[in-house]
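Good morning, everyone. Please look at the screen while I walk you through one model.

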Amino acid sequence: MKRTKPSVILYFQPISHSHVVGHPLKVIEMLQELWGKDVISRVFFVTTMWDEIEDPADGQERLTELEDQGTILREYTLLKHLDTRDSSMRLLDGVVQWAKKQVEIQLTEDMDRAGVKDIIIALVGSTGTGKSSFVGKVSGDTGEGVGHSLTSCTSNIKATRCVVNGFNVILVDTPGLNHTNKLEIEVPKMISNWLDITYETRPIPLAVLYFHRISDNRNPASTPIKILRDFQKLCGNNTASRVSLVTTMWDEVEDDVGEERLKELKENYWSMMISRGSTAFKYLNTQDSAMQLLGFVVEQTIGQEELQLHEEISGMKLELQETTTGQELCSRLDKLENKRNDILRRIRVESKTAEQETMRDLWKEFAQVKARLDSALTESRTLRTTRMRMKWIKIIFAKMVVHRWVDLRRRGRK
């Protein structure tokens, strides 16, 4: 039977004792036998009974002594429990947040090994429309300096990594537009520069969240149609379908007023974008609402990638079915495409409830299928290119024969 590795292990030590309770080395050896050597990184050393010492300085001195008693203790993460419910909840909340981040890190590593590209989502809008707050809701960080940041090429861009429906998502928070045409032009350039520095090869075309306060009773600072034009190169084909029009600050207006303003936005300022495929979304300033929006964007982005892949394979089938080799390749592409899509569907479903090891197995399976599909696509593209060249050679040769025949007839007449 397969053992489930614990996400966190709490090792309790009364601070009122002048010696270590139990035998940490033996405990660690036992844990490593059960779950492997790396389990030590999951151990938190929790000091308790702080109310049993008269002078807090004595407790701090004993804590220092515990840290100095051996290298094994230095491997632990030290925590302090004050024997109150608030202290217990803070401790558990911190441990749970740590465990969640470890899962995200592991998923990211699994996806990197599987060759899955990051899904980049740019956050665009005026200052004060709630972009940074949105990132804070997603990452669970409500303080100054939102999220766990990635490297950026400028202090004006902040990138935050998160996992949505089992996929690796990078939120790119951009400077507020603030009615300045210069900044509207600079933001796409900032993102482009950041992409060039961060990635060796560009990820799949990014998605854009355009933020607008529903509490504003004036025209939007920058119309989304400008965003459509400025982000054309970054978003690729069908740019409008990659833009979500996000209204914020719904708690600052009455529902009927907000709905009336949203109707006006859809029918006037945003009508062209919506007719081209953009979607309007009500963000309610909660983590659930934020994750619902990101889930929609991720599903849409993955769906567009699947459609693009399907169209390429369908085009190849039309061109390669004339030969036995082409037919075999097309059959293989069909099976691998279906297998790839099935695994991605399972990843999206399992990401909500599955254990980390199950997700790792799914990404491993995806990596194997993706490698076979990439190989088949490369082979198909090569065969298609060869066939195209042969057709052109035949056409050129036929033209040469015709020209030669015409030339000979002219000479014969003379």
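I will take the sheet, then the helices, then one arginine.

Some ground rules. This is a predicted model, where local features need pLDDT of at least 70, side-chain atom pairs count only at pLDDT 80 or more, and totals for chains, interfaces and linings use all residues. Residues are numbered from 1 along each chain as its sequence is written, and side-chain values use heavy atoms, with hydrogens and water left out. Helices (H or I, at least four residues) and strands (E, at least two) are DSSP runs, numbered from the N terminus.

Now the sheet. Strands of a sheet pair through backbone hydrogen bonds, either parallel or antiparallel. Here, two strands pair if DSSP finds at least two bridges between them. The sheet is open and has 6 strands, in the order β5-β6-β4-β7-β8-β9, with mixed pairing. Which strands stand at the edges? They are β5 and β9 (279-282). Each has a single partner strand, so one side of each lacks a neighbour in the sheet. From one strand to the next, the twist averages 25 degrees. Axes are lines fitted to C-alpha atoms, for helices over the stretch in contact, and angles run from 0 to 180 degrees between N-to-C directions.

Find strand β6, residues 167-173. Is it buried or exposed? Buried means under 20% relative accessible area, exposed over 50%, and partly exposed in between, using a 1.4 Å probe and protein chains only. In β6, 7 of the 7 residues are buried, so the strand is largely enclosed by the rest of the structure. Phe167, Val169, Leu171 and Asp173 point one way. Asn168, Ile170 and Val172 point the other way.

What does β6 pair with? Strand β4 (residues 119-125) runs parallel to β6, joined by 5 bridges. Ile119 has Val169 as its bridge partner, and Leu123 has Asp173. Strand β5 (residues 158-164) pairs with β6 in the antiparallel sense, over 7 bridges. There, Val164 is partnered by Phe167. β5 and β6 form a hairpin with 2 residues between them. In that turn, Asn165 has a positive phi of about 55 degrees.

On to the helices. Two packed helices are described by the angle between their axes and the distance between the axes. Take α5 (residues 131-139) and α11 (residues 287-320): their axes come within 8 Å and cross at roughly 95 degrees. That makes α5 roughly perpendicular to α11. The cut-offs are under 35 degrees for roughly parallel, over 145 for roughly antiparallel, 65 to 115 for roughly perpendicular, and oblique for the rest. Phe134, Lys137 and Val138 of α5 make the contact with Gln287, Ala290, Met291, Leu293 and Leu294 of α11. Contact means heavy atoms within 4.5 Å.

Next, α11 and α12. These axes come within 9 Å and cross at roughly 170 degrees. That makes α11 roughly antiparallel to α12. Among the contact residues are Glu305, Glu306 and Leu309 of α11, and Arg340 and Asn341 of α12.

Last, that arginine. Arg340 lies in helix α12, residues 324-350. It counts as buried, at 7% relative accessibility. What does the side chain of Arg340 make a polar contact with? The side chain of Asn341, at 2.9 Å. A polar contact is a pair of N or O atoms within 3.5 Å; within protein, one must be able to donate a hydrogen and the other to accept it, and residues adjacent in sequence count only if both atoms are side-chain atoms. Leaving aside neighbours within four places in sequence, Arg340 is in contact with residues including Phe366, Val369 and Leu373.
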